[in-house]
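Hi there,

Here is the structure I promised to pass along.

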Amino acid sequence: MATMAHGFKRLLPFFILAGLILIHSGSIPGYLNAQSQGTAPNARTASPDQAEYSRIVLGPISPPAPLLTPQVSGSGAGLTIIPTFDASIDAATQTAINNAIAFYQKTFTNNITVNIEFHNMAAGLGQSVFFVFNLSYPSYRTALAANATSADDATALANTPSGSTNPVTGSSNIVVKSPNGRALGFNTPEKSFNFGGSPCPTFTGSGCIGLNVTLANSHGVLTAVVEHEIDEVLGLGSALQGTTTPADPWTEDLFRWAMTGLRSFAANASCTSPPSSFFSIDGGVTNLDQFNNCNNGGDYGDWITHTPSQVQDASTNFSGAPSLSVTSPEVRALDVIGYTIGASKHRRGQLISQ
C-alpha cells in the first residue's frame, strides 16, 4: 500500500461479490479471484444437498482515491437505508425488504445514507456486491474509540490495541466497506457498479443485492437472506478467502479468536477438522458465535451451520426462519466495528431485545 508524500494513506476501492449463494449443481465449491479489471467471473458450484454458499471476490477496478477530511453524510435522523428495486422485485418482496430495513434504521443512529439495489435472481439464494477501502489502522482504531458508546464497545476496545499496526497481521492497514467507513467519519464514498458482468450496472451506491425470491419464500427465509446480505454490505465479513490469507484484515477480523489470548486468522484448505475460530469481543474469553473457518465454499466471515438456523450462517439447513434483534451476534458485531446502537436499546450498559 503506497504512502503519500505528505504522510496519509490512500484509499483503495474494490468491488466485492459476496455471500449467501446457494449453489445448485456441478463440481467443487470455491472462491474465484479476478485479476483483470471490470470482469465478473462466474461462481463454481456445489451439489444441492450440501446447501453450500460461496463468494466471488473481484480485484481493483478503479484508481485509488486519497483519504480526505472525515465526512459524514445522511439526513440527520440516524442511519438511512434507501432501497432501489429492480423491476423483478414484486410488491410483497419490497414490503419484506422495507421491514428488514426498518430494523436497522431503528437500531443504529449513525448519520449516514446507504443506497442498496435489490434484484431477483434465478439461481442461488442471495448475493451481494459492495466496495471496500484500505484505511490506516491507527486512524480506524482512533475513530472506533471516539465513537464508542456501548458496553460492548468498551470491552472490544480494551481488547483491540492501539498502535501503528493492526493486531491481526501486523500490517499498517485495515479494510473497511463504504458504509462502515462513513459511519466512523471517513471519506469512503458510494460508487458506480457499472462494470462488466455487474448485476446492477446502472446503479450507484453502497451495495447491490440479489435475492432468489422464490427459493427463499419456499423455505420461509426471505427476511434472513435480506438481513444476511445487508449485514455484509454494512460491514460484516472476513478478508480470508479460499486458501488465501491476505496481509490486510477486514474490520470484523479484529474479533476472530481461536482461544483466550490467541487470535485466529488463517485460510484453511481442509475442512475435515478446521481450527477453531469464533467471534469474541473480550479477547477470546467468550465465544459469541462460531465462524465458518475453512475453504468449503462459504464465507469465512459467516457462522457455521446452526440448528435452528441463524441469519449469518454460511450454509443453511433451513431449520428455522431467523431474524435479527439487538442481542443477535450479528448486531453486536456491527456495533463493535463502528456502528452506534441507539440509547433506547441499552439498559444499564447492556443490550436489550426489542
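**Cavities and a buried asparagine**

There are four cavities of 30 Å³ or more in this structure, which is a predicted model. As background, rolling a probe the size of a water molecule over the atoms shows where empty space is left.

I'd like to point you to the second largest cavity, with a volume of about 90 Å³. It is lined by 14 residues, and those closest to its centre are L144, D153, L157, D335 and V336. Two elements give two or more residues to this lining: α3 (151–158) and α7 (329–337). Of these, α3 supplies the largest share, three residues. What is the make-up of the lining by class? Eight of the residues are nonpolar, four are polar and two are charged.

The other spot to look at is N212. You will find N212 in the loop between β12 (207–211) and α5 (213–218). Is N212 buried or exposed? With a relative accessible area of 6%, N212 counts as buried, because the cut-off for buried is under 20%.

Best wishes

Key:
Residues numbered from 1 in each chain as written. Predicted model: local features only at pLDDT ≥ 70, side-chain atom pairs only at ≥ 80, totals over all residues. Heavy atoms only, no water. Helix = DSSP H or I, 4+ residues; strand = E, 2+ residues; numbered from the N terminus. Buried < 20%, exposed > 50% of the residue type's maximum accessible area, 1.4 Å probe, protein only. 1 Å grid on protein atoms, 1.4 Å probe; cavity = no way out; pocket = protein on both sides within 12 Å on 5 of 7 lines; lining within 4 Å. Points joined across faces, edges and corners; volume = space filled by probe spheres on them. Nonpolar A, V, L, I, M, F, W, Y, C, P; charged D, E, K, R; others polar.
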